[in-house]
Amino acid sequence: MSDEKNLSDDLNDMLGDAKEGAKKAADKAGEFAEEAKEKAKETFEDVKESASDFAEGAKETFENVTGENKKVLAGILAILIGSLGVHKFVLGYNKEGIIQIIASVVTCGIAGIIPFIEGIIYLTKSDEEFYNTYQVGRKPWF
């Protein structure tokens with residue numbers, strides 16, 4: 001009976017130690033979670049601020065794009081990501097931009113050759129010719 005009592009006491013001691021260890025681990029995990037939460041808040045604020053700065057910079061850049069800058073921007077966008085019609089939106093041709101997107105989707109990207117050609121045409125025209133043709137004359141295609 002004394003062996004059973006000793007065994008019971010040993011088991012109770014081990015159980016107490018296990019509970020204490022689990023409590024310490026839970027407390028430590030809580031501390032880590034709190035630190036992670038604070039870090040996440042700080043990171044979110046930094047990202048939010050960076051995104052805001054980027055958006056303001058992009059807005060200023062696109063508001064100030066005129067003449068030659070629009071030619072270069074539209075030409076490069078047409079060559080690189082013309083399938084998305086971005087160059088059309090930059091030039092103010094919203095309807096044509098949407099048509100370009102739809103054509104690219106329907107043809108599985110084959111219609112992407114059109115903006116590639118347009119980009120080359122944009123970049124090879126003189127600044128004055130580009131301005132008169134696409135910005136004053138509002139010629140939407142080629």
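This is a predicted model: local features need pLDDT of at least 70, side-chain atom pairs count only at pLDDT 80 or more; totals for chains, interfaces and linings use all residues.
The side chain of Thr133 reaches the backbone oxygen of Glu129, at 2.7 Å. Thr133 sits in helix H6, which covers residues 127-136. Leaving aside residues up to four places away in sequence, Thr133 touches Arg138 and Lys139.

Now step back to the whole chain. The protein chain has six helices and zero strands. Read along the sequence, the pattern is α-α-α-α-α-α. The chain has 142 residues, and 20% of them count as buried. Its accessible surface comes to about 10100 Å². Of that surface, 62% belongs to carbon and sulfur atoms. Contacts tell us how the chain meets itself. Take the contacts between residues at least 6 apart in sequence: 58% of these join residues at least 24 apart.

A pair of aromatic rings is described by the distance of the centres and the angle of the planes. The count here is three aromatic pairs. In one of them, the rings of Tyr122 and Phe130 have their centres 5.5 Å apart. Their planes stand at 75 degrees, so this pair is edge-to-face. The cut-off for that label is over 60 degrees. Phe130 also pairs with Tyr134. Here the centres are 5.2 Å apart and the planes are 40 degrees apart, and the pair is tilted. Phe130 and Tyr134 both lie in helix H6. They are four residues apart, about one turn of the helix.

Phe130 is buried because its relative accessible area is 0%. Tyr134 is buried too, with a relative accessible area of 0%.

Next come the charged side chains. The count is five salt bridges. Start with one inside a helix. The side chains of Lys24 and Glu20 meet in a salt bridge, 3.6 Å from N to O. Both residues belong to helix H1, residues 2-63. Lys24 and Glu20 are four residues apart there, so about one helical turn separates them. Lys24 is exposed, with a relative accessible area of 54%. Glu20 is partly exposed, at 46%.

Lys71 forms one with Asp127, and the closest N and O atoms are 3.0 Å apart. This pair links distant parts of the chain: Lys71 is in helix H2 and Asp127 is in helix H6, 56 residues apart. Lys71 has a relative accessible area of 9%, so it is buried. Asp127 is partly exposed, at 34%.

Glu118 and Lys88 give another case. Their side chains meet in a salt bridge at 2.8 Å, N to O. This pair also links distant parts of the chain: Glu118 is in helix H5 and Lys88 is in helix H3 (residues 86-91), 30 residues apart. Both Glu118 and Lys88 are buried.

Now turn to the surface. Which residues form a nonpolar patch there? They are Val72, Ile76, Leu80, Ile81, Leu84 and Leu123. Together they have about 510 Å² of accessible area. Helix H2, residues 67-81, gives the most to this patch, with four residues. Val72 lies in helix H2. Val72 counts as partly exposed because its relative accessibility is 32%.

Ile99 lies in H4, which covers residues 94-106. Ile99 is partly exposed, with a relative accessible area of 39%. Ile99 and Gly85 are 14 residues apart in sequence. In space, they are 8.0 Å apart, C-alpha to C-alpha.

Most residues other than glycine have a negative phi. Phi of Cys108 is near 55 degrees, a positive value in a residue other than glycine. Is Cys108 buried or exposed? Cys108 has 73% relative accessibility, so it counts as exposed.

Methods
Residues are numbered from 1 along each chain as its sequence is written. Side-chain values use heavy atoms; hydrogens and water are left out. Patches are made of residues with over 30% relative accessible area and no salt bridge: like charges are joined within 9 Å, nonpolar side chains (Val, Leu, Ile, Met, Phe, Trp, Tyr) within 5 Å. Accessible areas come from the Shrake-Rupley method with a 1.4 Å probe; for residues, only the protein chains shown count as cover. A salt bridge is a side-chain nitrogen of Lys or Arg within 4 Å of a carboxyl oxygen of Asp or Glu. Helices (H or I, at least four residues) and strands (E, at least two) are DSSP runs, numbered from the N terminus. Buried means under 20% relative accessible area, exposed over 50%, partly exposed in between (1.4 Å probe, protein chains only). A polar contact is a pair of N or O atoms within 3.5 Å; within protein, one must be able to donate a hydrogen and the other to accept it, and residues adjacent in sequence count only if both atoms are side-chain atoms. Contact means heavy atoms within 4.5 Å. Rings of Phe, Tyr and Trp (its six-membered ring) pair if their centres lie within 6.5 Å; planes under 30 degrees apart count as stacked, over 60 as edge-to-face and the rest as tilted.
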